[in-house]
Amino acid sequence: MSSSENGGVWRNWAGNEEARPRRIVRPARTEEVAAAVKDAVRDGLRVKAVGSGHSFSGVAVAPDVQLRLDRLDAVHAVDPETGLVTVGAGMPLWRLNPLLASHGLALENMGDIDRQTVSGAISTGTHGSGVRFGGIATQVRALELVLADGSVTACSADERPELFAAARVGLGALGVLTKVTLQTVPLYALHARDTAMPVAEVLGRIDELVDENAHFEFFWFPHSETALTRRFRRLPADTPLSPIGALSRRLDEAVSGPGFEALNRLGTRVPRLVPPITRFAARAMSSRSWTDHAYKVFASVRDVRFHEGEFAIPRAHAAEALQELRAWIDAHGEPVSFPLEVRFTAADDIWLSTAQGRESCYIAFHQYHRMPYRRYFDACQKILGAYGGRPHWGKMHDLGAAELRPRYERFDDFVALRNRLDPSGVLSNPYLDRVLGAPPARG
């Protein structure tokens, strides 16, 4: 049975988005989601589902009715033979991964944070790294949704294929996801190797490094000459494991834990100290290697809060774009206390996927949550936008439908489908009105 309560103040993980919903509903079954949507329609209210609140954008902000999906977390089916697994949309990745491992299964690829729910991760286009692998949404084989009129439907490549093509990265605009069927793979291990390299060498060898590794990414503090490269090699599940040690975990705290928090607070009070602080952090990112089950290697702990934006650009422009970002930071003396994170993925065919139709380089930019970020983020958006950059739907940007339309081949198809399914904007909010345009009844 669903629970409902009066609205309070909801904030996302970063603290930059908040809502005061008039009604909060915590459904445990698809039928309860449908009932909540029908009640909202009756009362003239809008509905938004929210997962873990790990999006930095306003994609999940619910001004009227907030559906909290934490109770929608059941395991509905696991087939070790086919690898097909169906779970409730509110299942968090940090719970899903060990559950899959207990059946000898794993996600083919994932991002570097596992706090998101399944629905949140796929709906915003969450991705990992590896030019032979797509984002998490490419692993989806079927979806169950509650539409804006409260009806329940299912879609897959064979059933309502148009809806499936759009809803895998649906921004919550096409329906409330209630069940997700994922194509998993046999459990596997990863050998991880971190190596500090001069950033000039990384940029000069970027295609070689991307192509020769199953997964490759790197982190670069803008005020330093050093990048930390991270390479993953896929291995059978029965490979002897050598997990990351206690010493390495303590070193991690220098760039993600209480020590880094203290340094960022100091840099906030005295901005001129940010460059030497980041150079210290870059030196602390030492070379090391370890082997563990993949899900334990992919995911990292992020204890220091920050604001984040991220754009996907065509892979071919990666080095050029990063050099432009570096030149802007140097020219403006901008104190940037977090590294740029650079990752790569395969192309896919999902309508609003940031990798739709092209191999992509993702460049994520961050700033400590207590420090000013607007000028830096605006510059990143402008520079990466010049390369056709597509903003991650769950991260910060201020682009609207007019700027986004030419960057997606199927943008108008997505909007037309949204307008047919939800002409009154029951599932919309200010963010969706901005990035997709207002629905017809409110346009």
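Which residue stands opposite V342 in β19? I looked this up first, in a predicted model, and found F218 facing V342.

**Entry: β19 and its partners**

I took the strand pairing next. β15, residues 215-220, pairs with β19 in the antiparallel sense over four bridges. On β20, residues 360-368, I counted five bridges to β19, and these two strands also run antiparallel. One bridge I noted there joins T345 to S360 of β20.

I then checked how β19, residues 340-345, sits in the structure. Six of its six residues are buried, so the strand is largely enclosed by the rest of the structure. I sorted its side chains by direction: L340, V342 and F344 point one way, while E341, R343 and T345 point the other way.

**Entry: the five-strand sheet**

I looked up the strand order of an open sheet and wrote down β7-β8-β12-β10-β11, with antiparallel pairing. β7 (75-78) and β11 (152-156) stand at the edges; each has a single partner strand, so one side of each has no neighbour in the sheet. Neighbouring strands here are turned against each other by 15 degrees on average, direction ignored.

For the β10 and β11 pair I found five bridges, antiparallel, with β10 covering residues 140-146. V146 has V152 of β11 as its bridge partner. Helix α1, residues 30-43, packs on this sheet and touches β10, β11 and β12 (176-183). I noted an angle of about 45 degrees between the direction of α1 and that of β10.

**Entry: cysteines**

How many disulfides does the count give? I got zero. The sulfur of C361 has its closest cysteine sulfur in C380, at 13 Å, which is too far for a bond. The cut-off I applied is 2.5 Å between the sulfur atoms. Starting from C380, I came back to C361 at 13 Å, again too far for a bond.

**Entry: S55**

Is S55 buried or exposed? I located S55 in the loop between β5 (47-50) and β6 (65-68). Its relative accessibility is 19%, so S55 counts as buried, given that the cut-off is under 20%. Leaving aside neighbours within four places in sequence, I listed N12, T124 and G394 as the contacts of S55.

Methods. Residues numbered from 1 in each chain as written. Predicted model: local features only at pLDDT ≥ 70, side-chain atom pairs only at ≥ 80, totals over all residues. Heavy atoms only, no water. Buried < 20%, exposed > 50% of the residue type's maximum accessible area, 1.4 Å probe, protein only. Contact = heavy atoms within 4.5 Å. Pairing = 2+ DSSP bridges. Axes fitted to C-alpha atoms, helices over the stretch in contact; angles between N-to-C directions.
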